[in-house]
Amino acid sequence: MGYEKKGYSSLFTRDYFDSLLVETRYIDSGEADTSFAVYGKKFTSPVMVAISDSEGVHKAETVETAGAAGKAGIICWVDTKEKEKLSEITDTGVLAIKIIRPYADNKLVISQIEQAQECGVLAVGIDISLALDDGAGDNTAFKSMEEIQEFASAASVPFIVKGILSERDAYKCLRAGASGIVMSVHNSLSGYAISPFVSLPGILNAVNAQIPVFVDCEIANGLDAFKALALGSSAVFIKQTFTTPPKENRVKSVFDKISSVNDELKNFMSKTGCHNLSYMDKTVLWQI
């Protein structure tokens, strides 16, 4: 296909998802339970929402989204640089995970970790895929395994590394003391970087179930979420948080979509005998 020459990883991911067919297993199955626990907390669903300063949405809408995530019992990932905004988000009661840019100044990274902890986040992390990305006007840089270890040691909450696509990086994160990784592709690399699902088996092997592996990769519906979870993902991000025009109720739209995704996820879990997330089984997937 064309994407094989052009290297469009998002198109590859879409075709890969669509190539996986589901084997039904009705006997001894039951009503699906999507609840799962991570970092000592229990959530209603492994489908997560992310909010960002780059979304171009109003502060009130961001806080409202976080509050809705809290009521829905799901994890909300946040990458705002403003402590006041993060504080308002966590004040809603949502269990948030704060992601920090890889600032060249490590003192700034540690300061952001400390601020996040003061706001009461569930976990904190760094997006290493943003190294040398000055689109936000920040001075960022690549980080060594020793620096990752320094950040993880400075955090009193679980420390996560986002932007992982290789088995080698996943192993280094584990050695550095990271408490989790996020497999994701930076927008600037979406034209040629490999899909997370190409490297997922190797990464799962590298971390050996010692830390959760979250996946941010073209999850558009409940069937996609089911396939990603069956393949070994701990939890997934839903694609495109804000998709409706500003004049519409975008927050309601987001959570209507998440509710629909979760209903679809439960449906496929029940029909494949994977009625609990601890029973997810990749052998129910057949690639055509």
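Buried means under 20% relative accessible area, exposed means over 50%, and partly exposed lies in between (1.4 Å probe, protein chains only).

## Basis of the description

This is a predicted model, in which local features need pLDDT of at least 70 and side-chain atom pairs count only at pLDDT 80 or more, while totals for chains, interfaces and linings use all residues. Residues are numbered from 1 along each chain as its sequence is written, and side-chain values use heavy atoms, with hydrogens and water left out.

Helices (H or I, at least four residues) and strands (E, at least two) are DSSP runs, numbered from the N terminus.

## Salt bridges

The structure holds six salt bridges, each defined as a side-chain nitrogen of Lys or Arg within 4 Å of a carboxyl oxygen of Asp or Glu. One of them joins Asp224 to Arg14, with the closest N and O atoms 2.8 Å apart. This pair links distant parts of the chain, since Asp224 is in helix α9 (residues 222-230) and Arg14 is in helix α2 (residues 9-19), 210 residues apart. Asp224 is buried, with a relative accessible area of 1%, whereas Arg14 is partly exposed at 25%. Arg14 and Asp224 also belong to a network of salt bridges that includes Asp18.

Another salt bridge connects Arg25 and Glu23, where the closest N and O atoms are 2.7 Å apart. Arg25 is partly exposed, with a relative accessible area of 27%, and Glu23 is partly exposed at 25%. A further bridge is formed by the side chains of Lys162 and Asp127, at 3.6 Å from N to O. Lys162 lies in strand β8 (residues 159-164) and Asp127 in strand β7 (residues 123-127), so this bridge ties together parts that are 35 residues apart in sequence. Both Lys162 and Asp127 are buried.

## Strand β8 and its partners

Six of the six residues of β8 are buried, so the strand is largely enclosed by the rest of the structure. Strands pair here if DSSP finds at least two bridges between them. β7 and β8 run parallel and are joined by four bridges; in this pairing, Val124 has Phe159 of β8 as its bridge partner. β8 also pairs in the parallel sense with strand β9 (residues 180-183), again over four bridges. There, Ile181 of β9 is the bridge partner of Val161.

β8, helix α7 (residues 167-175) and β9 form a right-handed β-α-β unit. Right-handed means that, with the strands pointing away from the viewer, the path from the first strand over the helix to the second runs clockwise.

## Nonpolar core

The largest nonpolar core has 87 residues, and those with the most contacts inside it are Trp77, Phe159, Ile181, Phe197 and Phe214. Such a core is a set of buried Ala, Val, Leu, Ile, Met, Phe, Trp, Tyr and Cys residues joined through side-chain atoms within 4.5 Å.

Contact means heavy atoms within 4.5 Å. With neighbours within four places in sequence left aside, the contacts of Phe159 include Ile113, Val124, Ile126, Ile148, Phe151 and Ala178. Phe197 is among the buried residues of helix α8 (residues 196-207), which also include Leu200, Ile203 and Val207.

α8 is followed by Asn208, whose phi is positive, at about 50 degrees, although Asn208 is not a glycine. Ala209 also has a positive phi, near 65 degrees. Most residues other than glycine have a negative phi. Asn208 lies in the loop between α8 and β10 (213-215), and Ala209 lies in the loop between α8 and β10 as well. Asn208 is exposed at 55% relative accessibility, and Ala209 is exposed at 74%.

## Cysteines and Ser19

A search of the whole structure finds zero disulfides, a disulfide being a pair of cysteine sulfur atoms within 2.5 Å. Cys173 is buried at 5% relative accessibility, and Cys217 is buried at 6%.

Ser19 lies in helix α2 and is buried, with a relative accessible area of 11%. Leaving aside neighbours within four places in sequence, Ser19 is in contact with Trp286, Gln287 and Ile288.
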